[in-house]
Amino acid sequence: MPVGNIPGWRQVFTDDFNGRTLDSSKWRLYWGKPGGDPAGWYDPRHVGVSDGMLVISAYRDKRDGGRWATGGLSSSPGLVQTYGKYLVRFRLDPGIGVGHAALLMPADNSWPPEIDFSEDNGSGRTGTLATLHYGKHDTHRDAWLGSVNLTQWHTLGVQWTPGKLQYTIDGRIWKTMAGSAVPALPMVLDLQTQTWPCSGTWGRCPNSSTPRVVRMYVDWVVAYAPASGG
């Protein structure tokens, strides 16, 4: 995990998940049904820390009525800021129908905007989408597909500055988006996996090929604020 400041940025948040439990001063766990996804269900029991990693597990859970349950968490207790650089080192098990997202969301729970710097719809692990949601009622979405094998360890991130988003894979900027649609309000970092209905949405649903348990492993998370300001 990177430690300390880097040119242009000062480090303000780190977690290498080396403890025995999730640090509640840094993270808040999701619970319940995601908005706009009737097939999804978040259960905090599906999020844990093991062997120096954050582990988010998706599986059919009898405690949740036998439905597919997944997990998610927000940095709202430990990190809220306007503009920043975010890096997450992670990998995913293969598993049709279990998607993931690493994203920035407004700290006041309004929506949109939303900055997804890595997401997929459960159709495979050969690429990642970077998506900016904006406009009233999510009327506009700018999305780009990057090639990366997400079953292997990679570091994905975003550099968010006034009027500009630069999406990164393993330290390389692979897409830049600029303009007035770039958010300028306090946001939090969220990490999650998710299942979707079999029709009516952009996502794929689990099928007979989906493993019994599909996990997202996060090695570390770091975030920076611009060196020149708060």
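This is a predicted model: local features need pLDDT of at least 70, side-chain atom pairs count only at pLDDT 80 or more; totals for chains, interfaces and linings use all residues.

Modeller: Strand β14 covers residues 172-178 and runs antiparallel to β13, to which it is joined by six bridges. Within this pairing, Thr 168 has Ile 173 of β14 as its bridge partner.

β13 also pairs with strand β12, residues 154-161; these two strands run antiparallel and are joined by six bridges. Here Leu 156 stands opposite Ile 169 of β13. The hairpin of β12 and β13 likewise has two residues between its strands, and Gly 163 takes a positive phi near 75 degrees.

As for burial, β13 spans residues 164-169, and five of its six residues fall under 20% relative accessible area; the strand is therefore largely enclosed by the rest of the structure.

The setting is a chain with 16 strands and zero helices. Of its 230 residues, 53% count as buried. Among contacts with a separation of 6 or more, 66% are between residues 24 or more positions apart. The radius of gyration is 17 Å, which agrees with the value near 17 Å for a compact globule of 230 residues. The C-alpha atoms fill a box of roughly 50 × 40 × 30 Å along the principal axes. The chain exposes about 10200 Å², of which carbon and sulfur atoms supply 50%.

Conventions. Residues are numbered from 1 along each chain as its sequence is written. Side-chain values use heavy atoms; hydrogens and water are left out. Helices (H or I, at least four residues) and strands (E, at least two) are DSSP runs, numbered from the N terminus. The radius of gyration is taken over C-alpha atoms; the globule rule is 2.2 Å times the number of residues to the power 0.38. Buried means under 20% relative accessible area, exposed over 50%, partly exposed in between (1.4 Å probe, protein chains only). Contact means heavy atoms within 4.5 Å. Accessible areas come from the Shrake-Rupley method with a 1.4 Å probe; for residues, only the protein chains shown count as cover. Two strands pair if DSSP finds at least two bridges between them.
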